[in-house]
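Colleague: Could you take me through this model before we discuss it further?
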Amino acid sequence: MRAVLVAWLGLITGGALAADLPVDKVGTVLTLPQPYPAHWVWVQDIAFEHMLDGKMILVDPRATTLREQFKGMFNSSNIAAFAQSTTRPEVYVAETFYSRGNRGQRSDVITVYDKPNLRPIAEIPLTGNKRASAMPGRHALAMSGDESLLFAYFFTPATSIGIIDVARRALVNEVSLPSCAMAYPTGKRGFSSLCANGSMVSFQLDAAGKVANTKVLDPFFDVDADALFEKPVIANGMGYFPTFNGNLQVIDLRGDHAVLGARWNLVPEAERKQNWRPGGAMLTGADDAGHLYLIMHPDGKEGTHKDGGPEVWVFDVAKQTRLQRITLKTWGLSIEATGGPEPLLLVTNAEMNIDVYDARTGKHQRTLAHFGQETPLIMHAAR
Amino acid sequence: MITNWLDAITERMTRSVAQRTSRRGFLGSVGATLIGGAALPLLPVARAGGGDGQPAPPSQDPGDPTSCDYWRNCSIDGYLCSCCGGSMNSCPPGTDMSPVTWIGTCRNPADGKDYIISYNDCCGKNSCGACFCNRNERDRPLYRPGTANDYNWCVGTKSIAYHCTVTLILGVATTPS
Amino acid sequence: MYRTEFPLLIAMLVASPFVTAADLARQDYILNCQGCHLADGSGAPGKVPNLKGFLGNFLHVPGGREYMIQVPGVAHSVLDNGRLAAVMNWVLENFSRDQVPPDHVPFNADEIGRLRADGLLDVNTRRAELLATIEKKLGVKAVTAP
């Protein structure tokens, strides 16, 4: 009762009994800690309903309130392609703009954003304006092993890879591809691409970004019968490519050129009659321990490879065994595993929210929702 | 709204195998013959009335083009131009039809034939936003563009702004391809 | 299933009174080439090479015949050697008949098999060289920019 009286007196007398809150300074802008905590994630919202205006949203999925989850964002135009450097405090988006929004003069660029401030600090013109615009993947823009180069996938519909010198901020070469797509970093300064006839081609580049050598891995898969997804996980230089029918093709990308590794069936024998298959938009993820995560669905058949699924399976790729099956709370379309020793599994679900699970136990922890996202179809663990 | 995605996936999850118009169930049929473009009989346009959900009257081109289940949509990825001021074979006003595209084959339930369908995009304006549909029969990854619906195929027009997708009949297929 | 059933299926169909080899070649063009080269072979200037009224010119210069089989879109096609030979012959006949030299020998499966095993990795450089030779010898230019 006395406390209430005192408080009332304070209000009436203009707060003479309590100090005022300090006046705020105009113009304060926050910056982000460096390095980013290992478990942060870039959520790429391609804004399918208004593609000009996509977003890259940096989130902390361990946090329990929106106030703590949403760290910052920047815009990315026309299904941008995203890459991160671990040696420079930068991230990169390959974007397409028109002088009048959706029309007019086209210009393709790679915009360089600084990690602490999320401000555009440089622009690298992609002369020729051939940047591929396609449903987002992780290898339409990729850093070379030594991070001196960026590889940008071009599609006119003829395909090629733009070679960008990161330090010089310049497109230095364009490597024509023989009916192949994407750039999977190979060795220190090279990339490999999967090709229409079931082969793989590898290129190594010299100091000037010109082709130093080329090697073809002869056709090793049947695109009609059991296609490799073009969305692998690359962990410690090893590429893990799931196939439409539920196999895994390992491809060693550590050296100068791609070398075929093991191929094994992801589905335990007893479960194969249920026709479990991988599927989704960005259906693959990996954690720092090198475990492979895949969205899986039963009753798989021709045409279900982008459907997503009700479960995520986790694999020890070295032992070729499944470690666990995680049952999803809501049907999943895309996944990513966070970095660090205690990974989380993030799942973009059919409601376009992001479910967060403990990757070890499979327990659902929270759902990221109402943070301005619309079609967050690919996530990238912060590096 | 993109929540169509949830509907489309739910539909697919519950649809029984018998109802799917998958070509796989009928492979090996040698009864179908090739009809060249010029000789193709003019099909009546099976236009449903204003999206009121009523099925089109029985015809050789059955079904509702504004429905994801419409037979021509078996490998489509995007907005259905029938919902955007166009039709299943025409672009909405003020857009440009991209000539380069991906191509699929779909089984017509009315006549049992596999038609070759060209999924041309209408371009130059922002996403239509109505009637999103993604089906992937015979779709393959980006390294085989001719059957990859994940590309923005507006590369053939002045602006890559993607608006909606039409379904053009190019002919009838003779063999599984 | 696709690979092993085809030869029998084709044999049966080609033998039928309803389907000709030309019909099948045309369908193969539609499904494998038309998406980019378009229904009349005209392509898109600067992006997709024009076949219409031009492709046959390659047969007049050394290396041109080989080139048209070694370009990635042809060499890496899903079609087997016989079907691919038929499509290439169909394209020349239907899009570029006037440019084909009178002593031209149509493609067959064996030649296709040999040539496509040696597919081009850098098609742009080779194309530019051949187009320059064609321009010098025949006085015709390809449309290479919009």
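**Fold, contacts and strands**

Modeller: Chain C contains eight helices and zero strands, where helices (H or I, at least four residues) and strands (E, at least two) are DSSP runs numbered from the N terminus. This is a predicted model, in which local features need pLDDT of at least 70, side-chain atom pairs count only at pLDDT 80 or more, and totals for chains, interfaces and linings use all residues. Residues are numbered from 1 along each chain as its sequence is written, while chains are lettered from A and ligands numbered from 1 in the order in which they are written.

Colleague: What percentage of chain C counts as buried?

Modeller: Of its 146 residues, 41% are buried, meaning that 20 or more other C-beta atoms, placed from the backbone, lie within 10 Å of the residue's own.

Colleague: And how many residues do chains A and C bring to their contact?

Modeller: Chain A has 13 residues in contact with 14 residues of chain C; a contact requires C-beta atoms, placed from the backbone, within 7 Å.

Colleague: Changing topic, how do S4(A) and S5(A) pair?

Modeller: Strand S4 (residues 81-84) of chain A and strand S5 (residues 90-98) of chain A are antiparallel, with four bridges; pairing requires at least two DSSP bridges. Phe82(A) has Val93(A) in S5(A) as its bridge partner, and a hairpin of five residues joins S4(A) to S5(A).

Colleague: Which residue stands opposite Tyr98(A)?

Modeller: That is Arg106(A) in S6(A). S5(A) pairs with strand S6 (residues 106-114) of chain A in the antiparallel sense over nine bridges.

Terms used. A residue is buried if 20 or more other C-beta atoms lie within 10 Å of its own, exposed if 12 or fewer, and partly exposed in between; C-beta atoms are placed from the backbone. Two residues are in contact if their C-beta atoms, placed from the backbone, lie within 7 Å.
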